[in-house]
Amino acid sequence: MTGVRYRREGRWRFQRARNVVVAGYAIETPRLRLNSATSRFPQGLANSSGLLGRNLMVQSNQAVWGVLEREVRAYKGPPSLALTEHWNYCDEGKDFFGGYCYMSQGPLPIVWAGAQAKRGLWGRKLLDQMEHYNHQVGLKIVGECLPQERNGVTLTEIKDQYGLPVPRITYSYCDNDRRLIRHALDFMRRALEAAGAREIWEETDDTCHLNGTARMGEDRRTSVVNADCRCWDIPNLWVCDGSVFPTVGGVNPSLTIQAIACRTADRIKALAARGEL
Ligand SMILES: Cc1cc2nc3c(=O)[nH]c(=O)nc-3n(C[C@H](O)[C@H](O)[C@H](O)COP(=O)(O)OP(=O)(O)OC[C@H]3O[C@@H](n4cnc5c(N)ncnc54)[C@H](O)[C@@H]3O)c2cc1C
């Protein structure tokens with residue numbers, strides 16, 4: 001790899017580089033590399049495993065909501081005020097692999113009204129529901145979804161304003177993901193019932209966070225980058241974002257993404273100091 005072609009002020013330019021770090025996240029990183037295919041790398045840059053763009057993982061983000069007799073005023077706390085990791089560590093009675101955390105919610109009125117509209121409430125019904133706003137309580141998960149090769153990013157025929165193909169995202173839950181979500185919804189419902197909530201309902205169609213698509217691994221045949229986030233096929237090409245996750249776990253991902261970025265920077269520095277870059 002000799003550098004990066006980029007566009008600024010209406011024209012394409014080239015920046016020579018000894019090392020290139022791609023950090024575009026789980027959609028744009030594979031898109032960029034798939035769009036950078038050459039005769040030497042016809043499947044996309046450094047994609048001999050064929051896994052670039054595959055194993056995209058969302059995290060499930062379902063919620064259970066209810067109304068308490070007493071006033072709660074959940075908006076006074078941060079949106080995710082209290083969190084438990086219980087089901088990331090306890091496997092008792094589970095019928096699924098993996099885990100989830102769940103947290104209390106405090107959506108602001110506009111977000112709450114949007115959630116109600118998505119449920120089909122409008123007009124008088126929406127206004128009645130909003131009357132309960134200060135009594136609403138809710139719990140929501142960040143759930144682990146399993147990596148599957150069929151989920152991912154490919155290129156379409158459609159081009160953006162620079163003439164580059166836009167990505168197509170393909171995603172569906174597997175049975176394990178669905179069992180995890182069912183477990184979480186039932187458990188959170190029990191928690192709200194124990195707190196005395198009524199009019200309990202489930203918000204089922206939500207996801208959060210994207211990871212995967214340039215997975216890290218020990219074997220170049222089954223991964224895209226090594227433990228240093230260095231591409232197997234092109235050693236001076238690095239990936240430094242959430243796309244390197246081989247699995248997601250049941251927690252928010254950003255601190256791990258940052259930790260991996262710091263580690264990769266340390267590795268680049270150490271290898272450079274030893275004259276190995
Ligand atoms: C509404 C919302 C709430 C969230 N809440 C949380 C949370 O509470 N906790 C948590 O852990 N995570 C949260 N996330 C997820 C979190 O933001 C991401 O996991 C994290 O930012 C990913 O980091 P990254 O470095 O991999 O990618 P990003 O932070 O997305 O960085 C990628 C960068 O690359 C740039 N880029 C992409 N393509 C190109 C290109 N071709 N040329 C130049 N630049 C390019 C993008 O503009 C972007 O700046 C939330 C995300 C959203 C959208």
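Predicted model: local features only at pLDDT ≥ 70, side-chain atom pairs only at ≥ 80, totals over all residues.
**Domains.** Begin by colouring residues 3-55 together with 212-273 as domain 1, and residues 59-148 together with 172-208 as domain 2. The C-alpha centres of these two domains are 34 Å apart. Where they meet, domain 1 contributes nine residues and domain 2 contributes twelve residues. On the side of domain 1 that touches domain 2, three residues are nonpolar, six are polar and none is charged.

**Nonpolar cores.** Next, select Val 225, Cys 229, Cys 231, Val 239 and Val 244, the residues with the most contacts inside the largest nonpolar core, which has 25 residues. Strand S4 (57-60) and strand S13 (237-239) each supply at least two residues of this core. Its largest share, three residues, is drawn from S13. Centre the view on Val 244: with neighbours within four places in sequence left aside, Val 244 is in contact with Ala 214, Arg 215, Met 216, Val 225, Cys 229, Val 239 and Ile 260.

**Ligand shell.** Now display the ligand with the residues around it: Ala 23, Gly 24, Tyr 25, Glu 28, Leu 32, His 209, Asp 241, Gly 242, Asn 252, Pro 253, Ser 254 and Ile 257. By class, this shell comprises five nonpolar, five polar and two charged residues. Helix H1 (25-35) and helix H6 (254-273) each supply at least two of the shell residues. Which element gives the largest share of the shell around the ligand? That element is H1, with three residues.

**Helix H1.** Keep H1 in view and select Ala 26, Thr 29, Pro 30, Arg 31 and Arg 33, which are buried. The elements covering the buried residues of H1 include strand S3 (20-22), S9, S10, strand S12 (207-211) and S13.

Strand S9 (residues 152-159) and strand S10 (residues 165-170) pair in the antiparallel sense over five bridges. Within this pair, Leu 155 is placed opposite Pro 167 in S10. Five residues lie between the strands of the hairpin, in which Gly 163 adopts a positive phi near 85°.

Leu 164 belongs to the loop between S9 and S10. Leu 164 counts as partly exposed because it has 15 C-beta neighbours inside 10 Å. Apart from neighbours within four places in sequence, Leu 164 is in contact with Asn 35 and Lys 159. Draw a distance from the C-alpha atom of Leu 164 to that of Leu 32: the separation is 9.1 Å, although the two residues are 132 residues apart along the chain.

**Two backbone exceptions.** Finish with two glutamates. Glu 9 lies in the loop between strand S1 (3-8) and strand S2 (11-16). Although not a glycine, Glu 9 has a positive phi of about 50°. Is Glu 9 buried or exposed? Glu 9 is exposed, because 5 other C-beta atoms lie within 10 Å.

Glu 199 is located in strand S11 (residues 198-203). Glu 199 likewise is not a glycine, yet has a positive phi of about 50°. With 12 C-beta neighbours inside 10 Å, Glu 199 counts as exposed.

Notes: Residues numbered from 1 in each chain as written. Pairing = 2+ DSSP bridges. Helix = DSSP H or I, 4+ residues; strand = E, 2+ residues; numbered from the N terminus. Core = buried A, V, L, I, M, F, W, Y, C linked by C-beta atoms within 7 Å. Buried ≥ 20, exposed ≤ 12 C-beta atoms within 10 Å, placed from the backbone. Contact = placed C-beta atoms within 7 Å. Domains from an automatic or database assignment. Nonpolar A, V, L, I, M, F, W, Y, C, P; charged D, E, K, R; others polar. Near = placed C-beta within 6 Å.
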